[in-house]
Every structure is written in C-alpha cells, then in structure tokens.
Amino acid sequence: DTTLVEVPVVVSEPGGRYVTGLTAADFTIFENGERQRVDFFAATEQPFNVALMLDTSGSTRDRLDRIKEAAAVFVDQLRPHDRVAIVAFEEDVRVLTPLTSDRALLRRALGGLEPGNFTQVYEAVQTVAEEVLGGVEGRKAAILFTDGVDTASYTGFATSLDAIARRQIIVYPIRYNTRPDVEARLSERGDESEETRAALA
C-alpha cells in the first residue's frame with residue numbers, strides 16, 4: 001500500500017507574474033534526498049480576483065471614455081468564476097462594487113463614472129490592498145488605469161508599495177498621457193502659468 005501525496009505548486013517570476021504552460025517534466029520532487037516519482041500532474045486554472053482601478057480625476061477628463069472602454073473590455077473577458085471589483089479614485093477613493101462575477105453590475109458601475117478633480121493614486125492602491133483584496137485567497141491582481149500623477153494622497157508611494165507586496169498582489173499599471181489634453185484646456189482658458197499646469201495635471 002502506498003499513500004498519494006498531493007503537492008500543490010504555484011510558479012511565479014521574480015516580478016510576481018505567474019508562469020503557465022508547465023508540464024510534469026518541469027518538476028523534480030525529492031523527499032529526504034530521494035527523488036520521488038510524479039504519478040499524476042494537472043494544471044488547474046484558479047479563479048482570478050481583480051480590482052480595476054480607474055483614475056477619474058480632472059486630468060483624465062479627456063481620456064475617461066477610453067479608460068471606461070478598456071475596463072469594459074476586460075470585464076467582457078471574464079471567465080464564469082473570475083471576480084472583479086471596480087474602484088474609482090479622484091480626490092477620494094470609492095469602491096463602486098465588491099468582488100463579483102456579475103457583469104451587468106460591473107458595466108453599470110463603469111457607466112456611471114464621472115470626472116472629479118484631484119488624484120489619490122497611492123491612497124487608492126492602499127485601499128485596494130487593505131479593503132478589496134487584502135483578505136482574498138488565491139490569485140489576485142490590480143489593474144491601474146491612470147496618468148500616474150498623484151496630487152492628493154496622504155499615503156506615500158513606499159507605503160502603498162509595501163501594502164501590495166505584503167499581500168502578494170500583482171499590479172499592472174496602464175498609463176495614459178494626459179499632458180497634451182491638460183495643456184490644451186489651459187490654452188483655451190488663457191492660463192499658461194506653471195503653477196496652474198502642475199495643479200491641473
């Protein structure tokens with residue numbers, strides 16, 4: 001009689017990206033220095049838990065429709081057991097939906113987004129790490145749609161980075177270049193000062 005011992009494995013690169021497409025030949029198992037035979041091998045696709053973080057600040061006003069469209073495309077690619085949360089951030093951070101597989105609910109949340117003023121990027125990352133994905137088991141990631149300019153966070157970059165690292169959350173930033181849009185609006189208003197440019201960006 002023998003005992004079948006299951007050895008669940010997750011393989012990731014140093015940056016945190018998961019490695020897929022592995023076979024039994026890619027693994028060697030030893031017990032007390034002796035090589036063990038792998039009798040069964042199966043790759044399982046665990047559900048993904050993803051926070052879509054959308055920058056709705058004033059500087060992304062002219063790109064907000066594109067940001068919403070990109071997020072909607074992602075929602076449409078969901079598998080039945082994947083879950084997504086919608087988080088919008090401007091001068092405050094709003095968790096619009098919890099983690100859910102309800103595509104209709106997610107689309108409604110995206111459709112109701114309106115531009116605000118200032119930007120709390122780091123505060124949003126901290127909120128996602130602690131409140132949205134913090135207690136979630138399994139694969140989890142955050143997709144950050146933003147121009148990357150933080151103007152209002154109380155939380156610093158290092159603090160937010162530590163929060164996601166401790167909870168093993170992979171963050172995929174998608175940056176939108178909004179500087180031409182901001183400068184065009186300033187020109188229309190006749191305001192060319194660097195101070196105003198910095199505030200609106």
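Which residues in H3 meet Phe-157, Thr-159, Ser-160, Ala-163 and Ile-164 in H4? The first close-up has the answer, but here is some background. This is a predicted model, where local features need pLDDT of at least 70, side-chain atom pairs count only at pLDDT 80 or more, and totals for chains, interfaces and linings use all residues. Residues are numbered from 1 along each chain as its sequence is written, and side-chain values use heavy atoms, with hydrogens and water left out.

**View A. Helix H3 alongside helix H4.** On the H3 side, it's Tyr-122, Val-125, Gln-126 and Ala-129 that meet those H4 residues (contact is heavy atoms within 4.5 Å). These residues divide into six nonpolar, three polar and no charged. Here Ala, Val, Leu, Ile, Met, Phe, Trp, Tyr, Cys and Pro count as nonpolar, Asp, Glu, Lys and Arg as charged, and the others, Gly among them, as polar. Helices (H or I, at least four residues) and strands (E, at least two) are DSSP runs, numbered from the N terminus. The axes of H3 (residues 121-132) and H4 (residues 157-166) come within 9 Å and cross at roughly 25°. Axes are lines fitted to C-alpha atoms, for helices over the stretch in contact, and angles run from 0 to 180 degrees between N-to-C directions. H3 and H4 are therefore roughly parallel (angles under 35 degrees).

**View B. Helix H1 packed with helix H2.** This pair packs at about 175°, with axes 10 Å apart, so H1 and H2 are roughly antiparallel (over 145 degrees). Lys-68, Ala-71, Ala-72, Val-75 and Asp-76 in H1 meet Arg-103, Leu-106, Arg-107, Leu-110 and Gly-111 in H2. Sorted by class, that's five nonpolar, one polar and four charged residues.

**View C. The largest nonpolar core.** A nonpolar core is a set of buried (under 20% relative accessible area, 1.4 Å probe, protein chains only) Ala, Val, Leu, Ile, Met, Phe, Trp, Tyr and Cys residues joined through side-chain atoms within 4.5 Å. Strand S3 (48-55) is one of the elements giving two or more residues, and S3 supplies the largest share, four residues.

**View D. Asn-32 in its loop.** Look between strand S1 (29-31) and strand S2 (34-36) to find Asn-32. Its phi is near 55°, a positive value in a residue other than glycine. With a relative accessible area of 77%, Asn-32 is exposed (over 50%).

Technical notes:
Parallel < 35°, antiparallel > 145°, perpendicular 65-115°, else oblique.
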